Structures are given as structure tokens and as C-alpha cells.
Amino acid sequence: MSMLKIEGLTAGYGPVSVLHGLDLEVGEGELVVMLGANGAGKTTTMRAISGLIGRQGTIEMEGVNITKWSPDHIVRAGIAQVPQGRGTFPELSVEDNLLAGAYVRHKGEGVRDDMERWFDVFPRLAERRAQKAGSLSGGEQQMLAIARALMSRPKLLLCDEPSLGLAPLITQELFDVLGRLNTEEGLSVLLVEQNANLAMHIASRVYLLETGRIVASGTSAELSADDSIRKAYLGF
Ligand SMILES: Nc1ncnc2c1ncn2[C@@H]1O[C@H](COP(=O)(O)OP(=O)(O)OP(=O)(O)O)[C@@H](O)[C@H]1O
Ligand SMILES: [Mg+2]
């Protein structure tokens, strides 16, 4: 059974239609990358999955139709989104940001233990646990945003362009963590990226999105064997 199965998804903003019948699947334990240029509709896809904007078509999680569920219900079902631009609370400490990420869970139940667990995975955050999120570097804020999403104990993590504005070395570090969470913890991941070269290394499968439509999909090896795709997305 798929972790996430999307069929004929359409979504947009008021009269503006952005997604035009999108099909996409994330298998259990898969790390799927969605590539696409600016404005292709990647963030819109993430928002539609999270229930943050109006959508039509079918979105199933583990075989259950969640298309009409509220954002809150969708988080409780196990889908957490790391929004583009991070969306952490700048005035709150690192610890309080993480606690906020656990809001859907029952009080007390393992929350502190989980926080320590993510501090082990992201030692830079542990060192800065009392610091305001707004004073962290871009890379540290991105780590915090991911750790915060993980605090809801998701089965599927939606990650929207985590590499934006980060140096290649930090991006590599983030992708390594995402890859490890996927292979070692079995976390299913849908990763949106423009940084195709790095992202494709950790991907099980890749989708290409162009103006609201999937125009190609396959394994990283399959897509990088295609000349036109390689030139357009991989730059070599
Ligand atoms: N709130 C909004 N209201 C109206 N149009 C919007 C809104 N948000 C996005 N759009 C439009 O929807 C289209 C897709 O935007 P989206 O943010 O999904 O692109 P993207 O693939 O995530 O791009 P990027 O790589 O730049 O983040 C764009 O044409 C954009 O202008
Ligand atoms: Mg976007």
C-alpha cells in the first residue's frame, strides 16, 4: 500500500488554477523528489496535500481518502510539512519551537525524549537550545524546521526546498540527515527541490513538474540518462 497516492489533483488560488491533474505516489519508506522550476507548482502541491488550500481529485494516505480533511486532521494522521522559508517562530527558543511541533500529541507522552533524540541528530540545535530561533543561521533554522516537523511523529515528511539559500556543504548535511531518517527510521519523504544534483542522490524516485503537470518520472538513473532532462535540470 502507498503511503501517499495522489490522482488527478487540481488546485489553485481563487480563479487561478495552478495544478492541472497531478498524479504522484510515495511508497511506504520511499524518499521521492519532486523537481521543477520556479512557479511550476511545487509549493502548491505541498499545500494541497497538507489541506491548506482548496483541492480536487483524490489524495489517499495509507489507502484512506484524506482529500477533504482539515490541516489539523492531516497532521494527526501523520503528514508533517516543513514549509518553504522554514516558518519557525523567531521569538521563541529552539526548545519552545520543538515543543510547538508536538502540539498534536498528548501532553507529556514522550515529547521530551523525542526532543533529546532530535538534539542527537542535530547537535548544532542542542548547543543552541535556549537561543531564539530568529538568531540562528539559515542552515540551523532549516534544521530546526525539520526537527520541529518531526516532533509530530510523522509517517510522511513533506519538505519544501530546504536547500534554499544554503551553502552546498550545509545542504549536503541536511540531505544526509533526510537520507538517514529515510533509510534508518523508515520515514517516508516527499522532497521538493531545485537543487537536482544533490537531491537525486538520496531519491528513490523523481518526478518532474512543469506548469502544474508531471512531465516525467522514474528513478534518478532513468531521468539522468535522458539528455533533455539532464540539460534542463542537472545542468550537464
Ligand atoms: N497565494 C497565491 N495567490 C495567487 N497565486 C499564487 C499564490 N501562491 C502561488 N501562486 C502562483 O501559483 C504558481 C505556482 O506557485 P508555487 O509557489 O506552487 O511554485 P513553486 O514551484 O513552489 O515555485 P518556487 O520554486 O519559486 O518556490 C505561481 O504562478 C504563483 O504565482
Ligand atoms: Mg515553492
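**Reading a predicted fold around ligand 1**

Helix 1 gives the most to the shell around ligand 1, with 3 residues.

Biologist: Before we start, what kind of model is this, and how are its parts numbered?

Modeller: The model is predicted: local features need pLDDT of at least 70 and side-chain atom pairs count only at pLDDT 80 or more, while totals for chains, interfaces and linings use all residues. Residues are numbered from 1 along each chain as its sequence is written, with chains lettered from A and ligands numbered from 1 in the order in which they are written.

Biologist: Thanks! Which residues come nearest to ligand 1?

Modeller: A residue is near a molecule if its C-beta atom, placed from the backbone, lies within 6 Å of it. Of the 13 residues around ligand 1, Tyr-13, Asn-38, Lys-42, Thr-43 and Thr-44 come nearest. Strand 2 and helix 1 each supply at least two residues of that shell. Helices (H or I, at least four residues) and strands (E, at least two) are DSSP runs, numbered from the N terminus.

Biologist: How many residues of the shell are nonpolar, polar or charged?

Modeller: The shell has 4 nonpolar, 8 polar and 1 charged residues. Here Ala, Val, Leu, Ile, Met, Phe, Trp, Tyr, Cys and Pro count as nonpolar, Asp, Glu, Lys and Arg as charged, and the others, Gly among them, as polar.

Biologist: Why is helix 1 described as largely enclosed?

Modeller: Start with the cut-offs: a residue is buried if 20 or more other C-beta atoms lie within 10 Å of its own, exposed if 12 or fewer, and partly exposed in between, with C-beta atoms placed from the backbone. In helix 1 (residues 42-49), 7 of the 8 residues are buried, so the rest of the structure largely encloses it. Among them are Lys-42, Thr-44 and Met-46. Just after helix 1, Gly-51 takes a positive phi of about 80°.

Biologist: What is the strand order in the open sheet?

Modeller: Strands of a sheet pair through backbone hydrogen bonds, either parallel or antiparallel. Two strands count as paired if DSSP finds at least two bridges between them. This open sheet of 4 strands has the order 2-1-4-5, with antiparallel pairing. Strand 2 (16-27) and strand 5 (64-65) stand at the edges with a single partner strand each, so one side of each has no neighbour in the sheet. Strand 5 pairs with strand 4 (residues 55-61) over 2 bridges, and Met-61 stands opposite Val-64.
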